[in-house]
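Here is a walk through one protein model, with a few stops along the way. Keep the structure open as you read.

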Amino acid sequence: MSEPSTQREFHDFTIRAVRATTVSVPLVAPLRHAAGAHWGRFVRTLVEVETADGLVGLGELGGGGESAAAAVRDLESYLVGHSPFDLEALRFKICNPTASLYNNRTQLHAAVEFACLDLIGLRIGVPVHDLLGGRVRDRVEFASYLFYRYADPATGSGEVRTVDQLVAHALELRARHGFRSHKLKGGVFEPGYEVECYRALAAALPGDTFRYDPNCALSLRQSMRVIDAIADVDNDYLEDPTWGMGGMRALRGKGPLLATNTLVVNFEQLAANVLAPAVDVILLDTTFWGGIRACVKAAGICETFQLPVAVHSSGELGIQLASMLHLGAVVPGLTFAADAHYHHLTDDVIAGGKLPYTDGAIEVPCGPGLGVRLDHDKVAEYAERYREEGGYPYDRDPGRPGWYPLVPNTDWADPTDETGVSW
Ligand SMILES: [Mg+2]
């Protein structure tokens, strides 16, 4: 067999080194969720994949509040000499499906895939969305992502606990960024209180749409009560009210469309959901699914079976956000606003600072590759911050020491508790 043309014409375009840097970037305030909290910062690991001809592609991943740098560095021996063009080979080198039973590297693969797509785009001078079929929109609309929050321990501000605080927070975000869809992250307080909050949002923001996501914390019976109680709200969808395909299947068709980012996050689960539908809306996460291209493939399957899709956020700095923007740019059937935690960040590590929202949307980057580059001063600053602060346990709540949730949860936080957190 003759040598592939890419290997002849791009003989220096092979991976020479892989670097990983963990950073800690502050949030406006700690974000509470059903299993714990983001403790006032995002810990993200930045990946730099360098080729023999001196280009550097960028990737990013989380780690549940911890560093993933060692796991990325351990991949270097797999990657040196590999051409960034060979994306299908990369998938099997890193996440062979049977070897993955022992070492699940799906999220590591995603970060390396972002970097390889970035490298290809840089090398041939086109944006990543042009490698994925070309963009069908120039901007991606986002939902406000509303969390219950502890007050920031340093400033004492930013708390979102009461109905009035939540509504004021949503109005402020809408005024500042232009969001027209609003997502309430719940599963923190007992469901009746969270429904009261959700309905207050809907009353305060007429003409907008809403989505509620208690992260699978509710029982089937509680889920059915929520469905009845929000029937007159203009719901985008109800996201992961309860755990399990069987539970969701029992709820499907009884109220709003059901969405998930927990039960259908790979192709086997997507196939199962096509054969025996349990959810309506598939939330595509460029990290959970193992890359931008996996999400594009999944979107194609969803289009075939008329399953709506939206873009999920598992936390992001600007590199991950760029992966979401390029995905959002090329999926024709993206009728829902995307999710992002991005507006909760105080800063970013990309050159030029945080990408701005205009009328609730962010422009799709059009420079070569992912279209974002690192600000190395910012990376150094937030890497130092990570060395000082360390990680945090995503599935623990700093305001409820010793607590952990059952699924379904039976021990909710108290919305009248003003104690907060300190560290
Ligand atoms: Mg969710």
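What follows looks at a helix pair, then a residue in a strand, then an annotated span.

Bear in mind that this is a predicted model. Let's begin with the helices. Two packed helices are described by the angle between their axes and the distance between the axes. Here, helix α4, covering residues 87-95, packs with helix α5, covering residues 106-124, at an angle of about 155 degrees, and their axes are 10 Å apart. Angles over 145 degrees count as roughly antiparallel, so α4 is roughly antiparallel to α5. As for handedness, α4 and α5 make a right-handed crossing. On the α4 side, the contact uses Leu87, Leu90, Arg91, Ile94 and Cys95, while α5 brings Thr106, Leu108, His109, Val112, Glu113 and Cys116.

Next up is Glu60, which sits in strand β5, residues 56-61. Is Glu60 buried or exposed? A residue is buried if 20 or more other C-beta atoms lie within 10 Å of its own; Glu60 has 27 C-beta neighbours inside 10 Å, so it counts as buried. Setting aside neighbours within four places in sequence, Glu60 is in contact with Arg44, Thr45, Leu46, Val47, Ala111, Phe114, Leu317, Ile319 and Gln320. Take Leu317 from that list: it is 257 residues from Glu60 along the chain, yet their C-alpha atoms are separated by 7.9 Å.

Last stop: an unreviewed UniProt entry annotates residues 163-258 as "domain: Mandelate racemase/muconate lactonizing enzyme C-terminal". In the model, residues 163-258 are 48% helix and 17% strand, and the end C-alpha atoms of the span lie 25 Å apart.

Conventions: Residues are numbered from 1 along each chain as its sequence is written. This is a predicted model: local features need pLDDT of at least 70, side-chain atom pairs count only at pLDDT 80 or more; totals for chains, interfaces and linings use all residues. Axes are lines fitted to C-alpha atoms, for helices over the stretch in contact, and angles run from 0 to 180 degrees between N-to-C directions. Helices (H or I, at least four residues) and strands (E, at least two) are DSSP runs, numbered from the N terminus. Angles under 35 degrees count as roughly parallel, over 145 as roughly antiparallel, 65 to 115 as roughly perpendicular and the rest as oblique. A crossing is left-handed if the near helix is turned anticlockwise from the far one by less than a right angle, and right-handed if clockwise. Two residues are in contact if their C-beta atoms, placed from the backbone, lie within 7 Å. UniProt positions are given in the numbering used here, feature names are shortened, and annotations may be inferred rather than shown by experiment. A residue is buried if 20 or more other C-beta atoms lie within 10 Å of its own, exposed if 12 or fewer, and partly exposed in between; C-beta atoms are placed from the backbone.
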